[in-house]
Amino acid sequence: MTEKAFAQADADWLELITGARSWFSGPLGGLMLFEEQRLLEDELARYFGGYLVHYGPRAELPPGAKQIQRSVHLGAPLPGVEIACEEAAWPLSEHAADVVVLQHGLDFCLSPHSLLREAARSVRPGGHLIIVGVNPWSAWGVRHYFARDALRQARCISPAKVCDWLNLLGFALEKRRFGCYRPPLASPAWQTRLARLERWGAAGQGFGAGFYLLVARKLVIGLRPLRQPRREPMGKLVPMPVAKVSRCDSKHEA
């Protein structure tokens, strides 16, 4: 990345992403990413196409998909990002990607609505948008209120609210998964002892997990039905008067 790109980036946004990167490189953030990796790889193995776009603060290369020809990592002008861009101005044409992954992008952003609209715009009709976020209804979500690290800056938007936003943007929710059931304890020894919680939680898919994963499909807009031509109202049929013929008149005519 050039010094010019760093100079043009929003200072608050760059500080937010840099702090998030540092947290995900630590023991707690690393644990969450480790649990997310398995779910993402399992999910991405289902898709085919030309382009997969990943956006998020993680410094490492995101998981790819073997069946997709090209994976692109968008984000702040920091090492590891292939295409630097603002969160609400992606250098992609409309409907360019088959799959877009927002991995904690909504957690660490200046405007979640703008970011989500930009991601939704980039997905082709019939394509998929995968969103990973910190679950506010978990010990991890509670911790961010008291944390002294970058997790405190996370928005922790509830999956129900994200689903409402997706519905307004023309997406249909296909899947909702959860992961990282271990509490946010930095001690590696305790994390090892509590590893069994991951198996128990995955079996029940409880809502107390540290993160959620949403899979939504962009609906294909069908053709509008042709408007039927307007039929002008016709007048009512009025019965014509019929002359009454008496029997006497019939005899005289005969």
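Tutor: Let us start with the elements: helices (H or I, at least four residues) and strands (E, at least two) are DSSP runs, numbered from the N terminus. By that scheme, His-104 sits in the loop between β4 and α4. This is a predicted model, where local features need pLDDT of at least 70, side-chain atom pairs count only at pLDDT 80 or more, and totals for chains, interfaces and linings use all residues. Residues are numbered from 1 along each chain as its sequence is written, and side-chain values use heavy atoms, with hydrogens and water left out.

Student: Why is His-104 called buried?
Tutor: Buried means under 20% relative accessible area, exposed over 50%, and partly exposed in between (1.4 Å probe, protein chains only). His-104 has 0% relative accessibility, so it counts as buried.

Student: What makes the link between the side chains of His-104 and Asp-107 a polar contact?
Tutor: A polar contact is a pair of N or O atoms within 3.5 Å; within protein, one must be able to donate a hydrogen and the other to accept it, and residues adjacent in sequence count only if both atoms are side-chain atoms. The two side chains make such a contact at 2.8 Å.

Student: Which residues does His-104 touch, leaving out those up to four places away in sequence?
Tutor: Contact means heavy atoms within 4.5 Å. Among the residues that His-104 touches are Phe-24, Met-32, Glu-36 and Val-132. As for Ile-131, it lies 27 residues from His-104 in sequence and 7.5 Å away in space, C-alpha to C-alpha.

Student: How do you know that Gln-103 is buried?
Tutor: Its relative accessibility is 2%, so Gln-103 counts as buried. Gln-103 belongs to strand β4 (residues 97–103), and its side chain forms a polar contact of 2.8 Å with that of His-54. Its contacts beyond four places in sequence include Leu-33, Tyr-55 and Arg-58.

Student: What puts the buried residues of α5 on the same side?
Tutor: In α5 (residues 139–146), the buried ones are Trp-140, Gly-141 and His-144. They span an arc of only 105° around the axis, so they lie on the same side of α5; the arc is that of the directions from the helix axis to the C-beta atoms. Tyr-145 and Phe-146 are exposed on the other side. The buried residues pack against α2 (11–24), α3 (27–44) and β5 (123–134).

Student: And which residues of α6 are buried?
Tutor: In α6 (residues 159–168) they are Pro-159, Val-162, Cys-163, Trp-165 and Leu-166. Their arc is only 160°, which puts them on the same side of α6. Asn-167 and Leu-168 are exposed on the other side. The buried set packs against α4 (112–122), β5, β6 and β7.

Student: Why do β3 and β6 stand at the edges of the sheet?
Tutor: Two strands pair if DSSP finds at least two bridges between them. The open sheet has 7 strands in the order β3-β2-β1-β4-β5-β7-β6, with mixed pairing. β3 (83–84) and β6 (171–179) each have a single partner strand, so one side of each is left without a neighbour in the sheet. For β6 and β7 (residues 211–218), 8 bridges join the two, and they run antiparallel; Arg-176 stands opposite Leu-214 in β7.

Student: How many disulfides are there?
Tutor: A disulfide is a pair of cysteine sulfur atoms within 2.5 Å, and a search of the whole structure finds 0.
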